[in-house]
Amino acid sequence: MQRSLFGAGTCSFRSSRPSAISRTCRRHFHDPKPLPPQDEWRAHFPSSFVDVRDRVSINNLETGRLLADSFLSGKSLGAGENKVVIEAYPGPGALSRALLRLPKSKIRKLIILESWDRFYQYLKPLEAVDPRVTVLPIDGYTWDSYSVIEEKGLLDDVMKHDWNAGIHPELHFIAQLPHGVYGEQFFSQLFRCMPTKSWLFKYGRVPMSLVLSQPMWDRGTAPYATNARCKVSVIAEATSQLQNAVRPSELQPYDDHFHPSTSRVVSKKAESKRAGQPHVAVNVVPHQDQLIRSDQLDHWDYVLRRLFVLKSTPLKNAMNSLAPGAPTLLKVLTDPELPPEERVNINDKIKNLTIKDWALIVRAFYNWPFSPEDLTFSNAEDFGPGREG
Amino acid sequence: MIPLTKRSTRRLETTLVSYSRQSLPRPARLYSSPSKSAHAPAFALGSRAPDPLDNVPEATPVTRAKKQQQMQVTHAQDGSVTDFGVSETAVEVEHEVPFNLANLRKHLAQVILARRVLPEDVAARQKLLEESVYDVAVERLKHQAELFDEIGLTNKGLGNNDLRKWMWEWHQKLKVRLKAEIATLAVEESKLSDGRGIRLSPFLTLLKPEKLSLITILELMHLQGGAGASKVMKIARALLSVGRAVEIEYKAEMCKKNNITMPSNPARGGDHGYFSRLGYRDLHARRVAAAKYMEDAEEWTSDWSQIIRVKVGAFLVDLLMDVGTVVRTAVDRRTGETVSEEQPAFVHSYEYQRGHKLGVIKLNSIVAERIAKDTVRETLHPRHLPMLVKPKPWLGHDEGGYLYNKTSVMRYKESTEQQIYLRQASNLGNVELVYAALDVLSTTPWKINRDVFEVVLKVWNSGERFHKLPPAVYDQPEPQKPEDFDFDPKAKAIYITRQRAWYNDKANNHSDRCNVNYKVEIARTFLGDTFYLPHNVDFRGRAYPIPPHLNHIGDDLSRGLLKFGESKPLGERGLRWLKIHLSNLYGFDKASFNDRVAFVDQHLADIYDSAEKPLEGRRWWTTADDAWQCLAACIELRNALESGDPHAFESSLPVHQDGTCNGLQHYAALGGDDRGARQVNLDVTDKPSDVYTYVANMVEEQLVKDIEKGNPMAQLLSGKIARKVVKQTVMTTVYGVTFIGAREQIEKQLKDRLDIPVEECWLAANYLAKLVLHCIGDLFSAAKDIQNWLNTCARLIAKSIPPERLSDTLRPTPPSQKGRPAPEQTLYARMRKEQMTSVIWTTPLGLPIVQPYRQEKRKQIMTSLQSVFISDPNSPAMVNSQKQASAFPPNFVHSLDATHMMLTALECRTRNITFASVHDSYWTHAASVDDMSVIIRETFIGLHSSNVLQRLHEEFCERYKGYKVPLPSIRTMIPKLPRTANILQISDDKESRTLDEQAVEDLRLKAGGLPIEEEPEEVEEDQGEEEDEEEKPKKKKAKRGGKRVVSSELNLDDKFVNLTDLLPPVPKKGIFDVDRVKNSLYFFS
């Protein structure tokens, strides 16, 4: 059974925000390389390939439309017109196709990064039918890829937008994150680029839309005093505003929307890292006021990582793991000279500390003359873009 | 040449066969009465060798040390080196006695003094040497502290970060604290009712608090000093080390207190040689008598449990962390003021490593820095040093080697099983030849090569990087922080990767430097002395010297620093061998002997230049493969040639004879493999054949064929397959290298070539590894058959269950006592738990070998610091059948090469030839090479004429008689089961019946149609393989289905096969006659 990508009549939005405009546009397109029907994906993209096994791709065109809409229109934090979109990890392109189907006024340029050949073969033909599209056979995971985009001049027409003048009106980053360790690294790197205004954020407060697994999202958004609270959630809270793009239930059950399907992948991995986790779609925008000073990012990293090793231990007992002698900082944190709002309750468990507490701890650590010098070095494991070494 | 007599070979054979067969050890419990060792002939214990220290120049006390240098030598009037000073560059003080390493000199001085006073009592002299380091360390630290006091450097906060001063301060505080805490603990524990918990105070009161304190401090510093690149110590390891150090010190103390006297070595193999029945009995009788002499099986000799060690360690380390502090100063970046803080020197914290939360001990960075600057030489223990007297002969499995430090004859990998087997074999008198061979190795006298040492010292003191000697200060520039560091994540990532690599290299440089430092300092200490390296064996019977730092098994530097303690006139043949040796060391070792001699003759000018001006000259020797040894050989050759009468020159340089791919030699001999034998020089040839080149050529030929088929990878690689590319893989085939391993080795070699694009290397290696393994398998098909046979035997053994456990297994699990019903377990699951049989065999010398590989079981132990997980060697655990099988072929071959070495050692001793060995490299004086060559061949023939594999098969059949293999474990084999194998049905009422033929046939037929259901192999990360699987998801499904069929319809669960019925017959031997080795020139060369 061949189902045309843009075939009329098959589309009935489940979204609560149906878009009349997108319907009107669909007839302008002819898909040069239609995606295989959902039930044939397994044969075309078997999960014995690492790129299939470790990544999750939207395999339902309806889902693609739903998400394209929720990323760029309506209540989305990143809603806007005339956008330049960079899409990483598109898979064979269910979402990419949906993005192209949005009214032309929405997107003026779509840059697609896909390094795996089988997926690439389903994307490259799009260039021929739509001049807005550029498909590059490079990996969204490596920093290099973004240099390539710039070197090709694809972002020459994107202006740098003042950080304090609101969200960047043009540039938009979209990705379907892999669910393995690369995905997690990628996810945490995105936030860590904000305080230093590096990567795409040198253009300004670029909004991002991500499709990622529920467990990863839960870790990223875990509020204080919950068990899932971790380094990523603290940094995410300090750097950005997060928003669900669609109700999570709209992407359930997993097998209706994503490839590879649950039952096909046999894995010894922990359940939360296995394929087939519920996925969510979210929008992310950097805060205007960054709590993390760009020269203190390494300190934040270091302090958070060292202390979250003992996340259920009261702060006063955990300080030793920061550095030998670090318990002297407890005096600084509880100094009665300080106004009450600048003091930290050192009896709180690590996971119960608020973002304000963390800022105070990092400040004290930063000012401590004996803080270790080789923060960057010992931070090494955080530096993700694994494939460049 | 000593003619090889048929008689002597046969004599050797018969001894081997008769002794090992008659004395085949069985599992200990099967023994009812120990074999009756016949009436021991009377013998004299004291056939003593001449005093090795006789000609050593006397050591005079140190005069004075210069400050700028780190180290210098003091010469006596006669030119001999008498002492060394090591001075701290940090502290510009003139002191009369440089302290550090001189501590060892002090020991030696005492020993030499003792020699004058007690010329007869060797034991007393070594006793002084083995005097506790801790006693001496206290003295030394105290001395240091006093010194600092005098010159007013004690004020805190003056940046006076001296390690020894800190250690002294911690010691002062810790010993007081320990005394109090132990007293408190003793009171508390006395209140405990009997049998509750483990009491620590009895163990903590064995040593004085002073000593406990020192042990804790020194052991932690030692661990950190050796930690190298990683800055943290894993807590379990640290605690165990401290606990074990306490145990060892206590035992050494007890040894000395009891003043156990020592019988000395029998100098030669008795009147009857080693290889006669009479001689063997004599040997056994002597040892038993000697062991009785020492019998002292008091309670203190028993080992402490791991739990005790960890708990003792935790108690001590905990207190040290509490009292050990340092003062640090730094500048406050806001106020610009200098502030100082008292901080703990050690802290306990947790880290994530590979997803596991690990307890670690971290050092204050200021202490870590200091350790990186000073070496922790205080922590050198006598158990790390060579011995000044001949080591105690091995009198029992834990009695021998050092005089007062208990050492085990075998390095067990925490396997109690091995220990039991060895003890039993030792008690039965089955391992006399092993003990005797170790005694031979242990009593080979050594000296430091003074000429080489002086060059080493000069280079070392210059602090410069020089031919593998690391520089004193790491000389590579730190990577520059890029300007766009904060903004460009890519630049940042690259910088961090580089910086990480730089830190890593720097740390490695430091640990290399420490490593060399140990060697140099030990060499310096023993300069002018004759010394000995006590030996023991690993679990496969391979011999190793016990002192870890400086020994002849070590790197090129260590070997270059050593020479034999005795010399022999070269003679004409010796001179020739010396030249060949030099040529080998240089790397010119593929040519015929005559060509090698010619090579040396052509390079005489270079050799003279190297010998006379090693550093100032052209430095030809530094271009050699083994530079330091080459230098030693250059000097020796020059001295010989310049001596006026080279043939009379007294040479003490060890000359090596190396087996060419020794593992394959054994395989070729085992299999009688004609083709293989020629490749590894078992056969007579006029030029040495080089198996690596041969394989490389085979691969090239294959490439040409593939190019014709249009394979682009073959095109890319054609002409690039050098010997080097395949060498490691060929070498490690013997040790069962896997495809993955081979691919990695080859990938590394390809990358090093630089002429293949990096991104192609992985795929190229993947392709090439297949080819190389295929070619090797083709060339050494006999070796492969034997490997497979060994592997199959081991796999079956590891799946078997002894008869006495079988009935227990068949009984259903009793309900658990806590009232909760135990989870229902299938019979098969219960049976799997009972698969605890490890592969055990006996070497031709009678040494029982037990493969230790089991599923690791860890036990949680609460200590005062944190709970620690350690493995408990005493709890029974399933065997790791995968590991048992894959490790068996290499282990077996190692046990053979060890046997060959020991036979050679014994025979050399009998014929009065000095002998040393590095596994498959045998060393002797140049003049003795011809004689040793004969012996090497003779023993090899002897070993392989005894039908090794057939005997192994017989041993398995006897040892594992009655063992049953559950059918479900060998499901795949059912259709192929040998007709002789009866399938037994056993039920829990112990009745077993043999299935009739029809039933078996049914089973066969049904099973024949079943898909393969094997245990998962060790999964290795590999993308390529996954892609291969792409085509067969259907099969997988069938597999799962198949399993159900087997377990339900056929119900194999209660069916068994006798292990001995399953063991396949020994592979057929080829036509190669091992006797031909006798005339092979290049067998060992």
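This briefing describes selected features of a predicted model, grouped by topic. Because the model is predicted, local features need pLDDT of at least 70 and side-chain atom pairs count only at pLDDT 80 or more, while totals for chains, interfaces and linings use all residues. Residues are numbered from 1 along each chain as its sequence is written, chains are lettered from A and ligands numbered from 1 in the order in which they are written, and side-chain values use heavy atoms, with hydrogens and water left out.

**Chain A overall**

- Chain A has 15 helices and nine strands; helices (H or I, at least four residues) and strands (E, at least two) are DSSP runs numbered from the N terminus.
- Of the 389 residues of chain A, 60% count as buried; buried means under 20% relative accessible area, exposed over 50%, and partly exposed in between, with a 1.4 Å probe and protein chains only.

**Confidence in chain A**

- The mean pLDDT of chain A is 83, and 85% of its residues reach 70 or more; pLDDT is the predictor's confidence in each residue, from 0 to 100.
- Within chain A, confidence is lowest in helix α1 (residues 20-25), with a mean of 43, and highest in strand β5 (residues 171-176), at 95.
- The pLDDT is below 50 over residues 1-27 of chain A, a stretch with 48 contacts in the model beyond near neighbours in sequence.
- Residues 378-389 of chain A also have pLDDT under 50, and the model has 34 contacts for them beyond four places in sequence.

**Salt bridges**

- Side chains of opposite charge can pair when their charged atoms come close.
- The whole structure holds 43 salt bridges over all chains; a salt bridge is a side-chain nitrogen of Lys or Arg within 4 Å of a carboxyl oxygen of Asp or Glu.
- One of them joins the side chains of A:Glu81 and A:Lys106, at 3.1 Å from N to O.
- This pair links distant parts of the chain, 25 residues apart: A:Glu81 is in the loop between α4 (61-72) and β2 (83-88), and A:Lys106 is in the loop between α5 (94-101) and β3 (107-113) of chain A.
- A:Glu81 is partly exposed at 43% relative accessibility, whereas A:Lys106 is buried at 11%.
- In chain B, the side chains of B:Asp674 and B:Arg678 form a salt bridge at 3.4 Å, N to O.
- Both residues, B:Asp674 and B:Arg678, lie in helix α22 (residues 674-679) of chain B, four residues apart, or about one turn of the helix.
- B:Asp674 is partly exposed at 26% relative accessibility, and B:Arg678 is partly exposed at 40%.
- Another salt bridge pairs B:Glu907 with B:Arg911 at 3.3 Å, N to O; B:Glu907 is buried at 7% relative accessibility, and B:Arg911 is partly exposed at 22%.
- In chain A, salt bridges that share partners connect A:Arg108, A:Lys109, A:Asp157 and A:Glu170 in one network.

**Annotated positions in chain A**

- An unreviewed UniProt entry lists A:Asn59, A:Leu61, A:Glu114 and A:Asp139 under "binding site"; UniProt positions are given in the numbering used here, feature names are shortened, and annotations may be inferred rather than shown by experiment.
- These positions span 81 residues in sequence and their farthest two C-alpha atoms are 23.2 Å apart, so they do not all gather at one spot.
- A:Leu61 is in helix α4 of chain A and is buried at 17% relative accessibility.
- A:Glu114 is in the loop between β3 and α6 (117-129) of chain A and is buried at 1% relative accessibility.
- Leaving out residues up to four places away in sequence, A:Glu114 touches several residues, including A:Arg55, A:Tyr89, A:Phe119 and A:Ile138.

**Buried positions in chain B**

- B:Leu827, B:Tyr828, B:Arg830, B:Met831 and B:Glu834 are buried in helix α30 (residues 827-834) of chain B.
- Seen down the axis of α30(B), its buried residues fall within an arc of 160°, so they line one face of the helix; the arc is that of the directions from the helix axis to the C-beta atoms.
- B:Asn509 is in helix α15 (residues 489-525) of chain B and is buried at 7% relative accessibility.
- Residues touched by B:Asn509, beyond four places away in sequence, are B:Arg465, B:Pro470, B:Pro471 and B:Tyr474.

Key:
Contact = heavy atoms within 4.5 Å.
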